[in-house]
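Please review the following briefing alongside the sequence and the coordinates. The points are grouped by topic.

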Amino acid sequence: QVQLVESGGGLVQPGGSLRLSCAAYGIQISIYTMGWYRQAPGRQRELVARITPGGSTNYADSMKGRFTISRDNAKNTVYLRMNSLQPEDTAVYYCSPVSYDYWGQGTQVTVSS
């Protein structure tokens, strides 16, 4: 059974940083393109960043230069480093293998002063 456990969210002031973690169980993330997604209230879930098995990365335009996705295959964990956070980054953040319907509970990120 596939289980994805996201953590690291919280309340941060504008301009602050957070690092999210996603521990995967039941799958080997090394063979998947892994993605971080987010869903803000009243909005559709959107892809934030993704990383291929070879380590190539892609980001949504508004995240370029601020967010960094990485993976540790030995720990079966994917990370998302988020810098220069803004109130519009407030959302529940999820990780998932891209194009697969596996979802965890997500981790809430709230950016507010």
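The model is predicted: local features need pLDDT of at least 70, side-chain atom pairs count only at pLDDT 80 or more, and totals for chains, interfaces and linings use all residues. Residues are numbered from 1 along each chain as its sequence is written, and side-chain values use heavy atoms, with hydrogens and water left out.

- Pro 87 is located in the loop that runs between strand E8 (77-82) and strand E9 (91-97); strands (E, at least two residues) and helices (H or I, at least four) are DSSP runs, numbered from the N terminus.
- Leaving aside residues up to four places away in sequence, Pro 87 touches Pro 14 and Val 111, where a contact means heavy atoms within 4.5 Å.
- The C-alpha atoms of Pro 87 and Gly 15 are 9.3 Å apart in space, although 72 residues separate the two in sequence.

**Overall chain**

- The protein chain contains 10 strands and zero helices, giving the pattern β-β-β-β-β-β-β-β-β-β along the sequence.
- Its radius of gyration is 13 Å, close to the 13 Å that the globule rule gives for 113 residues, so the protein chain is as compact as a globular protein of that length; the radius is taken over C-alpha atoms, and the rule is 2.2 Å times the number of residues to the power 0.38.
- Along the principal axes, the C-alpha atoms of the protein chain fill a box of roughly 40 × 25 × 25 Å.
- Buried residues make up 42% of the 113 residues of the protein chain.
- Among contacts in the protein chain with a separation of 6 or more, 53% join residues 24 or more positions apart.
- The protein chain exposes about 6,000 Å², of which carbon and sulfur atoms supply 43%; accessible areas come from the Shrake-Rupley method with a 1.4 Å probe, and for residues only the protein chains shown count as cover.

**Sheet**

- An open sheet of six strands has the order E2-E10-E9-E4-E5-E6, with mixed pairing; two strands pair if DSSP finds at least two bridges between them.
- At the edges are strand E2 (10-12) and strand E6 (57-59), each of which pairs on one side only.
- From one strand to the next, the twist averages 25°, with axes as lines fitted to C-alpha atoms and angles running from 0 to 180 degrees between N-to-C directions.
- Strand E4 (residues 34-39) pairs with strand E5 (residues 46-51) in the antiparallel sense over five bridges, and Ile 51 is the bridge partner of Met 34 in E5.

**Disulfide**

- The whole structure holds one disulfide, a term for a pair of cysteine sulfur atoms within 2.5 Å.
- Cys 22 and Cys 95 form this disulfide, with their sulfur atoms 1.6 Å apart.
- The pair links distant parts of the chain, 73 residues apart: Cys 22 is in strand E3 (residues 18-25) and Cys 95 in strand E9.
- Cys 22 is buried at 1% relative accessibility, and Cys 95 is buried at 0%.

**Positive phi values**

- Most residues other than glycine have a negative phi.
- Asn 76, in the loop between strand E7 (67-72) and E8, has a positive phi near 55° and counts as buried at 16% relative accessibility.
- Ser 84, in the loop between E8 and E9, has a positive phi near 50° and counts as partly exposed at 37% relative accessibility.

Notes: Buried < 20%, exposed > 50% of the residue type's maximum accessible area, 1.4 Å probe, protein only.
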